[in-house]
Amino acid sequence: MRHLLAAALLALVTALPAQAADKMTLVLDWFVNPDHAPIVLAAEQGYFTDAGLEVEIIAPADPADPPKLVAAGSADLAITYQPQLHLQVHEGLPLVRVGTLVGTPLNCLMVRADGPVATLADLRGRRIGYSVAGVEQALVSALLAQAGMTLDDVEMVNVNWALTPALLSGQVDATIGGYRNFELTQMRLAGGEGRCFFLEEEGLPAYDELIYVANADSPDRDRINRFMGAVERATQFMLNHPEEAREIFAAHAPDLSDELNTAAWADTFGRFAISPAALDHGRYARFEAFLHDNGLVPEIWPVARFAIDPGAEE
């Protein structure tokens, strides 16, 4: 009788339809690259599936679009940058940080190693290339202030996304927006040699370079927490099995195993947030105060206005 009952229960369970995974849309900040390694690994290793999620990962047509799509309710999550988040929330976009992808600055002010800019003071009268209006001018403004200058002392040139070519060709004397883990190698592969002024060593407080944002009016904490758990699991896998993780990532797309991406993997590896959902309130408060002190935001807002730990109690 006991065997018959067990068999009946097994038949009942197997007859039930599998529970459908909850769908989520994540818009990256750019095309897939080593900055997104934990996300790719979470997908490739089935960690999102284990968390009951079906995650659609989208590379944007315009890198300025991801936070706007989330603010408009057209995507669940987007990858963006902490400095941009502060500015956009002050502009009225309903965005909130719900996780960290890369927990150190990557952005740098890059110059030619053999060029005329040896110190920040040498930027006076020079041309600085940028890609994203708003946030990058704000960073340059703060850097120039360390040398007693303002944006009026330089010429900002929108070079779209051709930062390295613009610097190599002499179109500009410096660039902002290039990542130290990519553009320095890209410049070397193109036959040049670059040098970075690291923002966090030039008077700017350290910040999270790449973060996950959700719509502040309707964050789905349950799904977000499951997403962050899967990404955290992938990050731990990377730490425990670095070579296997690199091979899995490189196999995701043909160009991810080229020389540039291989070098970028090594230069990015130690910068991922170990606990993606965890929030350092002090870091966000310090950066908000820094932006205010430099006249980039009109007032200091509490951290809860633009950043949360989705697993913390409301």
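Strands S3 (residues 77-80) and S10 run antiparallel and are joined by three bridges; strands are DSSP runs of E with at least two residues, helices are runs of H or I with at least four, and both are numbered from the N terminus. Two strands are taken as paired if DSSP finds at least two bridges between them. In this pair, Ala78 stands opposite Val213 of S10. The model is predicted, with pLDDT of at least 70 required for local features and 80 or more for side-chain atom pairs, whereas totals for chains, interfaces and linings use all residues. Residues are numbered from 1 along each chain as its sequence is written, and side-chain values use heavy atoms, with hydrogens and water left out.

S10 also pairs with strand S4 (residues 95-102), in the antiparallel sense and over six bridges. Here Leu95 is placed opposite Asn215. S10 is mostly covered, six of its six residues being buried, where buried denotes under 20% relative accessible area, exposed over 50% and partly exposed the range in between (1.4 Å probe, protein chains only).

Ile211, which lies in S10, is buried with a relative accessible area of 0%. With neighbours within four places in sequence left aside, the contacts of Ile211 include Ala78, Ile79, Thr80, Leu85, Leu101 and Tyr284; contact means heavy atoms within 4.5 Å. The C-alpha atoms of Ile211 and Val96 are separated by 9.9 Å, and the two residues are 115 residues apart along the chain.

Asn215 is found in S10 (residues 210-215) and is buried, with a relative accessible area of 11%. The side chain of Asn215 reaches the backbone oxygen of Val70 at 3.1 Å and the backbone oxygen of Ala71 at 3.1 Å. Polar contacts are pairs of N or O atoms within 3.5 Å; within protein, one atom must be able to donate a hydrogen and the other to accept it, and residues adjacent in sequence count only if both atoms are side-chain atoms. Beyond its neighbours within four places in sequence, Asn215 is in contact with residues including Gly73, Asp76, Pro94 and Val96.

Strand S5 (residues 107-112) is largely enclosed by the rest of the structure, because six of its six residues are buried. Asn107, Leu109 and Val111 point one way from S5, while Cys108, Met110 and Arg112 point the other way. S5 pairs antiparallel with strand S8 (residues 174-179) over five bridges, and with strand S9 (residues 194-198), also antiparallel, over five bridges. Leu109 stands opposite Ile176 in S8, and its bridge partner in S9 is Phe197.

In helix H10 the buried residues are Ala245, Ile248, Phe249 and Ala250. These buried residues pack against helix H2 (37-44), helix H9 (221-240) and H11.

A search of the whole structure returned one cavity of 30 Å³ or more. A cavity is a set of points, on a 1 Å grid over the protein atoms alone, where a 1.4 Å probe fits but cannot get out; lining residues have an atom within 4 Å of a point. The volume of the largest cavity is about 30 Å³. Its lining consists of Arg246, Phe249, Ala250, Leu256, Ser257, Asn261, Thr262 and Trp265. Helices H10 (242-250) and H11 (259-268) each supply at least two of the lining residues.

Key. 1 Å grid on protein atoms, 1.4 Å probe; cavity = no way out; pocket = protein on both sides within 12 Å on 5 of 7 lines; lining within 4 Å. Points joined across faces, edges and corners; volume = space filled by probe spheres on them.
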